[in-house]
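Student: I've got a new model open and would like to talk it through with you. Can we go over how the chain is put together?

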Amino acid sequence: MSTLKIINLHASVDGKEILKGVNLEIHEGETVALLGPNGHGKSTLLSVIMGHPRYEVTEGSIYFDDKNVLELPVDERSKLGLFLGMQSPSEIPGVINSDFLKAAVNARREKPISTYNFYKVLDQATKELKMPFDLATRSLNEGFSGGEKKRNEILQMELLKPKIAMLDEIDSGLDVDAMQVVADVINKEKDEGHGFLVISHYARLYDMIHPTRAVVMINGRIVLDGGPEIFKRIDQTGYEFIKTEYGVNIEKDDIEMNKVSIGTCAVKESIK
Ligand SMILES: Nc1ncnc2c1ncn2[C@@H]1O[C@H](COP(=O)(O)OP(=O)(O)OP(=O)(O)O)[C@@H](O)[C@H]1O
Ligand SMILES: [Mg+2]
């Protein structure tokens, strides 16, 4: 059973420190919900774990079993069994989705998969995800709808079978039926013993995939680590109790920034 271990992780982007000492352990076989207010570092954490070059790790370490993850390039992290389903997947014109998927699958095998077998697996996975097969033959994410992009991330996950999949707001943009389809795939992978770190702002997805743990990130740190009751409470009451019961002050720099830059009545109302 593999374990992803994050110890006192600090990371910056363009000189601004976003992660300020993250400690977190995820075991293969666990499904962990990662919650937190907007702009507090959740996506940054996932990008740093996966090795996005934009972020500079200034302190701390990440281990996947005995492997020092921070020393490895992105493809090696993927081969270890880590996967990131992105919040905003990029469009890559000219790269055919199925070619990209096949290359990713082959990168993890000693002998390349035959074209026949690959298309068999791809056909089955697209059917499970109720995706039109033509999405697999188009340029990667180019012109895909929001929901199609998210399903395509899950398609990649299905083909790569990671030990720990990190899914960043995979439910945003999915209609209710599509969310159930995606949840079914996640549940199938869970039953096979795979681990998940799932970011979502809404209880609906969590109600479908039943996380075993919930952790909350505020101001670039994990401030709460407990059972599923945490996301139920956040869904019903928001984050205020974390301030009143745990004494964690929730910095609101970005909301203040938005007030100045956007300045619409709606925004002003919502931040009162
Ligand atoms: N180039 C940059 N310079 C300064 N700050 C940045 C830069 N890129 C990202 N940030 C800031 O990093 C912070 C953390 O962003 P991140 O995307 O990790 O938040 P999040 O917790 O995933 O939020 P959400 O729930 O909205 O997705 C944000 O305040 C964001 O504005
Ligand atoms: Mg995010």
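Tutor: Helices (H or I, at least four residues) and strands (E, at least two) are DSSP runs, numbered from the N terminus. This is a predicted model, where local features need pLDDT of at least 70, side-chain atom pairs count only at pLDDT 80 or more, and totals for chains, interfaces and linings use all residues. Residues are numbered from 1 along each chain as its sequence is written, while chains are lettered from A and ligands numbered from 1 in the order in which they are written.

Student: In what sense do β3 and β11 pair, and over how many bridges?

Tutor: Strand β3 covers residues 31–35. One of its residues, A33, has A214 in β11 as its bridge partner. The two strands run parallel, and the number of bridges is 4.

Student: What do β11 and β12 form, and which residue in the turn has a positive phi?

Tutor: They make a hairpin, with 2 residues between the strands. Phi in the turn is positive, about 50 degrees, at N219.

Student: How many residues of β11 are buried?

Tutor: Here buried means 20 or more other C-beta atoms within 10 Å of the residue's own, exposed means 12 or fewer, and partly exposed is in between, with C-beta atoms placed from the backbone. Strand β11 takes in residues 213–218 and is mostly covered. Out of its 6 residues, the buried ones number 5.

Student: Which strands are at the edges of the open sheet?

Tutor: The sheet has 6 strands in the order β6-β9-β10-β3-β11-β12, with mixed pairing. The edge strands each pair on one side only, and they are β6 (82–85) and β12.

Student: What about β6, then: which residue in β9 is the bridge partner of L82?

Tutor: β6 and strand β9 (residues 164–168) pair in the parallel sense, over 4 bridges. For L82, the partner in β9 is I164.

Student: Now the ligand. Which residues come nearest to ligand 1?

Tutor: A residue is near a molecule if its C-beta atom, placed from the backbone, lies within 6 Å of it. There are 14 residues around ligand 1. The nearest of them are N38, G39, K42, S43 and T44.

Student: Which element gives the most to that shell around ligand 1?

Tutor: Two elements give two or more residues each, β2 (16–27) and α1 (42–50). With 3 residues, the top contributor is α1.

Student: By class, how many residues of the shell around ligand 1 are charged?

Tutor: Ala, Val, Leu, Ile, Met, Phe, Trp, Tyr, Cys and Pro count as nonpolar, Asp, Glu, Lys and Arg as charged, and the others, Gly among them, as polar. The shell has 2 nonpolar and 8 polar residues, and the charged count is 4.

Student: Why does K130 count as partly exposed, and where does it lie?

Tutor: K130 is partly exposed because 13 other C-beta atoms lie within 10 Å. Its phi is positive, about 50 degrees, although K130 is not a glycine. Most residues other than glycine have a negative phi. As for its place, K130 is in the loop between α4 (115–128) and α5 (134–137).

Student: And H210: in which loop does it lie?

Tutor: H210 also isn't a glycine, and its phi is positive, near 50 degrees. It counts as partly exposed because it has 13 C-beta neighbours inside 10 Å. Its loop runs between α8 (203–209) and β11.

Student: Last one: what is the radius of gyration of the protein chain?

Tutor: The radius is taken over C-alpha atoms, and the globule rule is 2.2 Å times the number of residues to the power 0.38. A compact globule of 272 residues would come out near 19 Å, so the chain agrees with the rule at 19 Å.

Note on methods
Two strands pair if DSSP finds at least two bridges between them.
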